[in-house]
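Let's walk through a protein model together, one piece at a time.

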Amino acid sequence: MKSFAILAAGAALVATPAFAQTADPIAQVEAEADRTERVAQQIWQFAELGYLETRSSGLLIDELQKEGFSIRPGVADIPTAFVAEWGEGGPVIGLLAEFDALPGITQSAEPTRDPVAGKHAGHACGHNLFGAGSLSAAIAIRNWLEATGTPGRVRLYGTPAEEGGSGKVYMARAGLFDDADFVIDWHPADRNSAASRMSLANRSGKFRFRGVSAHAAGAPERGRSALDGVEAMNMMVNMMREHTSMDTRIHYVITDGGKAPNVVPDFAEVFYYVRHSDADEVRALWPRLEAAAKGAAMGTGTEVDWEIIHGNNPTLPLESLQKMMDTKLRALEPIEYTADELTWAATVRESFGEDAPELSEAGEVEEYAVQTGYGSTDVGDVSRAVPTVSVRTATWVPGTAAHSWQAVAASGHSYGSKGTQHAAKAMVLAAVELYTNPQLRETAKAEFIAARGEDYVYESLLGDRDPPLDYRK
């Protein structure tokens with residue numbers, strides 16, 4: 001890893017001394033610091049699940065309307081999805097903003113385990129920070145465009161239900177990215193990185209078994225257990241793992257297995273995910289799950305049907321853009337934490353054990369590399385519709401895993417908000433480069449066409465289903 005170079009951030013990008021204050025893109029982001037923390041905290045408190053983020057989406061829209069953005073709400077038949085835009089002419093640069101929480105994990109902003117009673121979801125992936133950071137970046141870009149008179153449009157995409165709902169896939173399928181020139185994406189993390197990272201393709205589905213209820217002791221012969229169907233399917237899928245390629249990931253939870261042991265359950269449901277680096281491999285694996293479900297139903301005297309819930313293509317990273325983002329990230333001054341924030345972070349660090357990374361790693365940038373990650377994201381479908389560049393910044397204490405209580409705590413603390421501001425600065429610098437560097441735009445678009453292939457035709461892993469607006473209810 002290399003530490004951040006301490007530079008007069010943004011100085012090289014100012015067109016003339018006359019714009020020394022208003023046209024400095026870093027200054028534009030710094031002016032949004034209070035808004036970043038306020039909005040991040042509000043969305044963290046809301047902790048709304050996918051497709052149910054009414055208040056979170058509404059808050060972002062309100063902030064954008066105050067700054068003169070035009071708003072298209074409810075796009076792609078999703079009530080909480082929106083597109084906000086400002087400007088005219090020039091390149092169209094979009095930013096992604098997520099805001100959904102995760103079910104089943106809660107935590108206060110305290111640095112020790114402290115679940116919040118009565119709360120059923122938490123921002124364990126930092127999407128409250130994601131939304132707030134992209135909001136501040138979009139407003140800073142808008143102000144920079146106006147101050148410099150640069151032709152161009154900035155567009156913020158409000159993208160709900162990333163966690164298992166594939167909100168962006170429906171937006172891509174609806175063509176909402178087709179007229180954008182570039183998209184900038186970021187994500188909270190425990191480190192700073194602009195690595196060229198490909199994710200895994202992913203498809204999920206709920207398999208629903210239906211049987212016949214009966215008294216489990218008094219008349220078991222009259223029952224046909226839907227739970228038996230689920231368990232038989234799980235056993236066959238678990239045996240199938242031996243006969244899949246190394247990159248394959250299959251995981252499941254039983255979301256409904258009955259209500260009482262003395263009642264043969266007439267309904268049971270299991271929720272499956274299948275992942276692989278190659279979308280075609282996911283398509284090939286999925287019929288094998290369906291076959292296991294059918295076999296399980298036949299063997300247990302039950303019936304089964306299934307519903308595809310979400311599906312994401314792998315990301316398509318472009319090195320020309322990622323290397324540019326890496327340069328911008330390294331040009332930023334390190335985050336300055338207060339003594340209280342460092343004390344708070346040190347307490348969180350204690351929960352990771354003796355091998356925990358040093359807190360100083362939050363001030364470093366990972367070496368640039370080409371990587372394959374084992375997570376999945378609906379940003380993959382965006383990146384196959386439009387050239388996309390991504391960055392991650394240290395919003396969480398080094399060593400924090402996503403989807404953990406430590407991530408929830410940092411996402412609700414000023415520690416996380418400072419990392420969010422860092423992401424906004426990197427995104428704004430990248431946007432300025434794209435607006436003002438036609439050679440980079442040309443190179444990136446040529447790389448994009450080559451990476452997709454001349455004859456590429458977009459195909460989602462969702463098929464033609466409607467958005468599952470009730471999948472978290």
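The crossing of helices α4 and α12 is right-handed; a crossing gets this name if the near helix is turned clockwise from the far one by less than a right angle, and is called left-handed if the turn is anticlockwise. To find the pair, look for residues 127–148, which form α4, and residues 414–436, which form α12. The names come from DSSP runs, numbered from the N terminus: helices are H or I runs of at least four residues, and strands are E runs of at least two. The model you are looking at is a predicted one, in which local features need pLDDT of at least 70, side-chain atom pairs count only at pLDDT 80 or more, and totals for chains, interfaces and linings use all residues. Residues are numbered from 1 along each chain as its sequence is written, and side-chain values use heavy atoms, leaving out hydrogens and water.

How do we describe such a pair? Two packed helices are described by the angle between their axes and the distance between the axes. For α4 and α12, the angle is about 40° and the axes are 8 Å apart. Here an axis is a line fitted to C-alpha atoms, for helices over the stretch in contact, and angles run from 0 to 180 degrees between N-to-C directions. The two helices are therefore oblique to each other, given that angles under 35 degrees count as roughly parallel, over 145 as roughly antiparallel, 65 to 115 as roughly perpendicular and the rest as oblique.

Which residues of α4 and α12 make the contact? On the α4 side they include L129, G133, A137, I141 and W144, and on the α12 side they include G416, T420, A424, M427 and Y435. Contact means heavy atoms within 4.5 Å. Sorted by class, the residues of this contact are 13 nonpolar, 8 polar and no charged. In this sorting, Ala, Val, Leu, Ile, Met, Phe, Trp, Tyr, Cys and Pro count as nonpolar, Asp, Glu, Lys and Arg as charged, and the others, Gly among them, as polar.

Now stay with α12 and look for another partner. Helix α2 (residues 33–46) crosses α12 at roughly 130°, and their axes come within 10 Å. That makes α2 oblique to α12, and their crossing is right-handed. From α2, the residues A33, T36, E37 and A40 take part, meeting S414, S417, T420 and Q421 of α12. This contact has 2 nonpolar, 5 polar and 1 charged residues.

Helix α8 (residues 319–330) also packs on α12, with axes that come within 9 Å and cross at roughly 125°. So α8 is oblique to α12, and the crossing is right-handed. Here L321, M324, M325, K328 and L329 in α8 meet residues of α12, among them H422, A426, M427 and E433. By class, the contact of α8 with α12 has 9 nonpolar, 1 polar and 2 charged residues.

Next, find W186 in strand β8 (residues 182–189). Is W186 buried or exposed? With a relative accessible area of 0%, W186 is buried; buried means under 20% relative accessible area, exposed over 50%, and partly exposed in between, with a 1.4 Å probe and protein chains only. Leaving aside neighbours within four places in sequence, W186 is in contact with residues that include L129, G133, T420 and M427. For contrast, visit T54 in helix α3. T54 counts as exposed, at 56% relative accessibility, and touches E48 and T80, not counting residues up to four places away in sequence.

Two loop residues deserve a stop as well. Most residues other than glycine have a negative phi. Y51, in the loop between α2 and α3, has a positive phi near 70° and is buried at 5% relative accessible area. A161, in the loop between β7 and α5, has a positive phi near 55° and is buried at 0%.

Finally, zoom out. The protein has 13 helices and 16 strands, and buried residues make up 56% of its 473 residues. Its C-alpha atoms fill a box of roughly 85 × 55 × 40 Å along the principal axes. Among contacts between residues at least 6 apart in sequence, 82% join residues at least 24 apart.
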